[in-house]
Amino acid sequence: VCYRRRTLEVAEDKIAAADVIVAGSADGLTQIARIWFRAGLSPDVRVLVPSERVRRHGVALGFRNVHDCGGSDTAALLR
């Protein structure tokens, strides 16, 4: 098993607003924020993250509605 991080590239015509963003890591949230804000989308979108550390990172990126779910499993996200 191997793991590799890559920069996410999304065509501008494929970017659309969402009601909720779910991010499993600070790196993933950074990638989402770059795309989200480049598209001029709202910083008030609800963002669900797995920990307080990632929540603080989301706020630092400019999101205003970031929630620590206390985990990344389905039950934590649904809570």
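Reader: I'd like to start with tryptophan 36, so which helix is it found in?
Author: Tryptophan 36 is found in helix α1, and please keep in mind as we go on that this is a predicted model.

Reader: And is tryptophan 36 buried or exposed?
Author: Tryptophan 36 has a relative accessible area of 7%, and since buried means under 20%, tryptophan 36 is buried.

Reader: What is tryptophan 36 in contact with, leaving aside its neighbours within four places in sequence?
Author: With those neighbours left aside, the contacts of tryptophan 36 include Ala16, Ala17, Ala18 and Ile21, and also Leu41, Ser42, Pro43, Val45 and Phe63. As for Phe63, tryptophan 36 and phenylalanine 63 are 27 residues apart in sequence, and their C-alpha atoms are 9.9 Å apart in space.

Reader: Can you tell me about helix α1 itself, like how many residues it has?
Author: Helix α1 covers residues 26–38, which gives 13 residues, and from its first C-alpha to its last it reaches 18 Å, close to the 18 Å expected at 1.5 Å a residue. Just after α1 comes glycine 40, which takes a positive phi of about 75°.

Reader: Which residues in α1 are buried, and what covers them?
Author: The buried residues in α1 are Ala26, Leu29, Gln31, Ala33, Ile35 and Trp36, and what covers the buried residues of this helix includes β1, β2 and α2.

Reader: You mentioned strands, so what is the order in the sheet?
Author: The sheet is open and has three strands in the order β1-β2-β3, with parallel pairing. Its edge strands are β1 (20–22) and β3 (65–68), each of which pairs on one side only, and neighbouring strands of this sheet are turned by 20° against each other on average, direction ignored.

Reader: How many bridges are there between β2 and β3?
Author: Strand β2, made of residues 46–49, pairs with β3 in the parallel sense over four bridges, and valine 47 stands opposite valine 66 in β3. If residues up to four places away in sequence are not counted, valine 47 touches Ile21, Leu29, Phe63, Asn65, Val66 and His67.

Reader: What about the largest nonpolar core, which members touch the most other members?
Author: That core has 15 residues, and the ones that touch the most other members are Ile21, Leu29, Trp36, Val45, Val47, Val49 and Phe63. Both α1 and β2 supply at least two residues each, and α1 gives the most, with five residues.

Reader: Changing topic, how many aromatic pairs does the structure hold?
Author: The structure holds one aromatic pair. The rings of phenylalanine 37 and phenylalanine 63 have their centres 4.8 Å apart and their planes at 35°, so the pair is tilted. The pair links distant parts of the chain, because phenylalanine 37 is in helix α1 and phenylalanine 63 is in the loop between α2 and β3, 26 residues apart.

Reader: Which of the two counts as buried, and which is partly exposed?
Author: Phenylalanine 63 counts as buried at 1% relative accessibility, whereas phenylalanine 37 is partly exposed, with a relative accessible area of 28%.

Reader: Last one: where does helix α2 lie?
Author: Helix α2, residues 52–61, lies across β2 and β3 and runs at about 170° to β3. Arginine 53 is found in this helix and counts as exposed at 52% relative accessibility. Arginine 53 and alanine 26 are 27 residues apart in sequence, while their C-alpha atoms are 8.1 Å apart in space.

Technical notes:
Residues numbered from 1 in each chain as written. Predicted model: local features only at pLDDT ≥ 70, side-chain atom pairs only at ≥ 80, totals over all residues. Heavy atoms only, no water. Pairing = 2+ DSSP bridges. Axes fitted to C-alpha atoms, helices over the stretch in contact; angles between N-to-C directions. Contact = heavy atoms within 4.5 Å. Expected span 1.5 Å × (residues − 1). Buried < 20%, exposed > 50% of the residue type's maximum accessible area, 1.4 Å probe, protein only. Core = buried A, V, L, I, M, F, W, Y, C linked by side-chain atoms within 4.5 Å. Phe/Tyr/Trp six-rings, centres within 6.5 Å; stacked < 30°, edge-to-face > 60°.
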